[in-house]
Amino acid sequence: MNPVVAFAAEEKMNPLLPAWPEVIIGLLCFFIVFGLLGKKLLPSIEKVLADRRDAIEGGMERAEIAQREAQALLEQYRAELAEARHEAARITEQAREQGAALVAEMREEGQRQRESIVAAGHAQIEADKKQATAALRHDVGSLASQLASRIVGESLEDSARQSGVIDRFLEDLEAKAAASTAAAK
Amino acid sequence: MSAVLTSLASEGSCHFGGDNGCGFPAPGLNEFDFKPIFTVGSVDFTKPMLLAMICALLVVVFFWAAFAKPKLLPGKLQLVGEIGYDFVKRSIVLETIGKKGEKYVPMMVSMFFFIWIMNIMSIIPFAQFPVMSRIAFPVGLASVVWITYMSLTFKKHGFVGGMKNLCWPSGIPGWVMFILVPIEFFSNIIVRPFTLAVRAFANMFAGHLLIVVFSVASWYLLSPTLGALYGTVSFGVTVGLTGFELLVQFLQAYIFVMLASSYIAGALEEAH
């Protein structure tokens, strides 16, 4: 063991001086690692990580969208229901109004018809009465004349008629009857 | 080289209080010097190179198995990969750079896991060597970071704007500038990549040396005398240090990527 030789051997090696073959091998090794990881392996895992994040976040997002949609639909249904109710109320109200108007109209119509019927009846009665009165007056006149001629023995018919005796008599009678009914009242 | 081999061979038989007259075979820089596995021309192919390749292979194989056929519902391996990926992406890159950082996530993820696995090699049986304790590896990675943030700075701000971004801190009174600008220039352009590389290197270097010292000492102290007690304590320290190193290995990978992200964030900062 010669310490001088050993020292000389050690002195030749400076640990701070890089050996070029090692630098080259080291860089080569690093770039092989970097190349394979950077070009192939890390992009592929990055894609999967992104997909996974997407799957998780996407699921949540989809659920949120579905919920929002459901909420919107519910709102819409509620709005439609409210509108339908409103419409129904409006239609009912309208129908009621129309019904009332119809009833009023019918009532008025009925009233009018009744009135016209009554009026027609009255006119008819009046006419019948006049006719009857005229017929009666004629009959009474002729009967009275006949009776008188029987009694007198001759025909007075024409002269009596001419003189208007009968008519006057009957009018007197009527006036008397009217006066008595007025007094009775 | 033959001297180193002789010293290595003599280590095995050397014990505390032994009568063959040898002292403690203190491990030194020779622990970081490997005899070549094979030689191509003047280039030696050594164990750290092999380990670096194995580390790259491990990272690629792991992420291939985890992410090559990703599923929406992840399997166990994919879940572990996703946790690692998400950790670097969210807690380091996006936290430091913000939304613009998305573009640099693959680079930072690759860097983090590559460095971490190279560090972990320190405590893997048979490997037992942190690749990052060979300064060539951190230097290579730090230069990648340096080129990235320098080119981003000049691409975003142009040459003058880029220099201003690197050397002209905002909100400082004018008369301080003639001191501060050279300091900023020196710190941001020259020191940054150097510290980035040396920090990772030195931590792994020191950690490995500590573990080696205590494990060699455990063996050396193992003797029928009082040494057995010392040996046991030394072994306990080795185990403790191994656990501690596991933390440091992670931390150094984290710090490396964190700083790289913050340099990129600085480059992408709006002009002020």
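Is the crossing of H5(B) and H7(B) left-handed or right-handed? Here are my notes, starting with that pair; keep in mind that this is a predicted model.

1. The helix pair in chain B. The answer to the opening question is that H5(B) and H7(B) cross in a right-handed sense. The two helices cover residues 136-167 and residues 227-268 of chain B, and they pack at an angle of about 10° with their axes 8 Å apart. Angles under 35 degrees count as roughly parallel, so that is the label H5(B) and H7(B) get relative to each other.

2. Who touches whom in that pair. On the H5(B) side you'll find B:Val145, B:Thr148, B:Tyr149, B:Leu152, B:Thr153 and B:Lys156. Facing them from H7(B) are B:Ala260, B:Tyr263, B:Ile264, B:Ala267 and B:Leu268. Sorted by class, the contact between H5(B) and H7(B) comes to 8 nonpolar, 2 polar and 1 charged residues.

3. Chain A against chain B. The interface brings 33 residues of chain A into contact with 42 residues of chain B. On the chain A side, the elements giving two or more residues are H1 and H2 of chain A. H2(A) supplies the largest share of that side, with 22 residues.

4. Confidence in chain A. The mean pLDDT of chain A is 85, with 88% of its residues at 70 or more. Among the elements of chain A, helix H2 (residues 20-152) has the highest mean pLDDT, 90, while helix H1 (residues 3-12) has the lowest, 47. Over residues 1-11 of chain A the pLDDT is below 50, and this stretch has 14 contacts in the model beyond near neighbours in sequence.

5. The transmembrane annotation. An unreviewed UniProt entry places a "transmembrane region" at residues 20-37 of chain A. In the model, residues 20-37 of chain A are 100% helix and 0% strand. The end C-alpha atoms of residues 20-37 of chain A lie 25 Å apart.

6. The coiled-coil annotation. UniProt, again in an unreviewed entry, lists residues 56-94 of chain A as a "coiled-coil region". Residues 56-94 of chain A are modelled as 100% helix and 0% strand, and the end C-alpha atoms of this segment are 56 Å apart.

Note on methods: Residues are numbered from 1 along each chain as its sequence is written. Chains are lettered from A and ligands numbered from 1 in the order in which they are written. This is a predicted model: local features need pLDDT of at least 70, side-chain atom pairs count only at pLDDT 80 or more; totals for chains, interfaces and linings use all residues. pLDDT is the predictor's confidence in each residue, from 0 to 100. Helices (H or I, at least four residues) and strands (E, at least two) are DSSP runs, numbered from the N terminus. Two residues are in contact if their C-beta atoms, placed from the backbone, lie within 7 Å. Axes are lines fitted to C-alpha atoms, for helices over the stretch in contact, and angles run from 0 to 180 degrees between N-to-C directions. Angles under 35 degrees count as roughly parallel, over 145 as roughly antiparallel, 65 to 115 as roughly perpendicular and the rest as oblique. A crossing is left-handed if the near helix is turned anticlockwise from the far one by less than a right angle, and right-handed if clockwise. Ala, Val, Leu, Ile, Met, Phe, Trp, Tyr, Cys and Pro count as nonpolar, Asp, Glu, Lys and Arg as charged, and the others, Gly among them, as polar. UniProt positions are given in the numbering used here, feature names are shortened, and annotations may be inferred rather than shown by experiment.
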